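Reader: Could you take me through this model, giving the general idea behind each feature before the particular case?

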Amino acid sequence: MKLQNEIEGQPVSLPENIRWEGSRVELVELIYALHEVGSFGTASIKSLFAFVGKMFGCEIPNYYRLFWSIQNRMGNIRTFFLDKLRKALSDKLIRKDNGLRK
């Protein structure tokens with residue numbers, strides 16, 4: 001797969017060994033969140049899933065069913081993966097602020 005390099009205008013190849021290692025429902029949660037904030041402009045959710053599926057080597061043919069399962073989670077916390085991401089990044093920033101490596 002090739003992406004357009006915005007600085008030089010030259011096509012760049014993505015490494016072949018980059019694969020999604022999380023669950024499919026985590027990827028669905030992430031893609032829907034990125035779509036909701038407009039991170040990919042006006043791209044449709046369908047085209048976004050096709051793009052991300054090719055990019056990460058993880059096709060998700062029935063993403064709407066997985067989204068339905070996220071939608072039907074009980075309680076106040078429905079975005080488990082996004083919350084996990086936020087906490088992981090926040091913890092990393094705190095460690096960096098404190099001069100710790102990892």
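Reader: Which side chain makes a polar contact with the side chain of Arg 73?

Author: A polar contact is a pair of N or O atoms within 3.5 Å, where, within protein, one atom must be able to donate a hydrogen and the other to accept it, and residues adjacent in sequence count only if both atoms are side-chain atoms. Here the side chain of Arg 73 makes such a contact with the side chain of Glu 29, at 3.0 Å. This is a predicted model, in which local features need pLDDT of at least 70 and side-chain atom pairs count only at pLDDT 80 or more, while totals for chains, interfaces and linings use all residues. Residues are numbered from 1 along each chain as its sequence is written, and side-chain values use heavy atoms, with hydrogens and water left out.

Reader: Where does Arg 73 lie, and is Arg 73 buried or exposed?

Author: Helices (H or I, at least four residues) and strands (E, at least two) are DSSP runs, numbered from the N terminus, and Arg 73 lies in the loop between α3 (63-71) and α4 (80-97). Buried means under 20% relative accessible area, exposed over 50%, and partly exposed in between, with a 1.4 Å probe and protein chains only; Arg 73, with a relative accessible area of 16%, is therefore buried. Taking contact to mean heavy atoms within 4.5 Å, Arg 73 touches Val 25, Glu 29, Arg 78, Thr 79 and Phe 80, not counting residues up to four places away in sequence.

Reader: How many helices and strands does the protein have?

Author: The secondary structure comes to 4 helices and 2 strands, and from the N terminus on the elements run β-β-α-α-α-α. Buried residues make up 18% of the 102 residues.

Reader: At what angle do α1 and α2 pack?

Author: Two packed helices are described by the angle between their axes and the distance between the axes. The axes are lines fitted to C-alpha atoms, for helices over the stretch in contact, and angles run from 0 to 180 degrees between N-to-C directions. Helix α1 (residues 24-36) and helix α2 (residues 45-56) pack at about 130°, with their axes 10 Å apart, which makes α1 oblique to α2, since angles under 35 degrees count as roughly parallel, over 145 as roughly antiparallel, 65 to 115 as roughly perpendicular and the rest as oblique. On the α1 side the contact is made by Leu 27, Val 28, Ile 31, Tyr 32 and His 35, and on the α2 side by Ile 45, Leu 48, Phe 49 and Val 52. These residues divide into 8 nonpolar, 1 polar and no charged, where Ala, Val, Leu, Ile, Met, Phe, Trp, Tyr, Cys and Pro count as nonpolar, Asp, Glu, Lys and Arg as charged, and the others, Gly among them, as polar.

Reader: How do the axes of α1 and α4 cross?

Author: They come within 8 Å of each other and cross at roughly 80°, so α1 is roughly perpendicular to α4. Glu 26, Glu 29, Leu 30 and Ala 33 of α1 make the contact with Phe 80, Phe 81, Leu 82, Lys 84 and Leu 85 of α4, a set that divides into 6 nonpolar, no polar and 3 charged residues.

Reader: What is the angle between α1 and α3?

Author: The angle is about 85°, with the axes 9 Å apart, so α1 is roughly perpendicular to α3. Among the residues that meet here are Val 25 and Glu 29 in α1, both of which are also touched by Arg 73.
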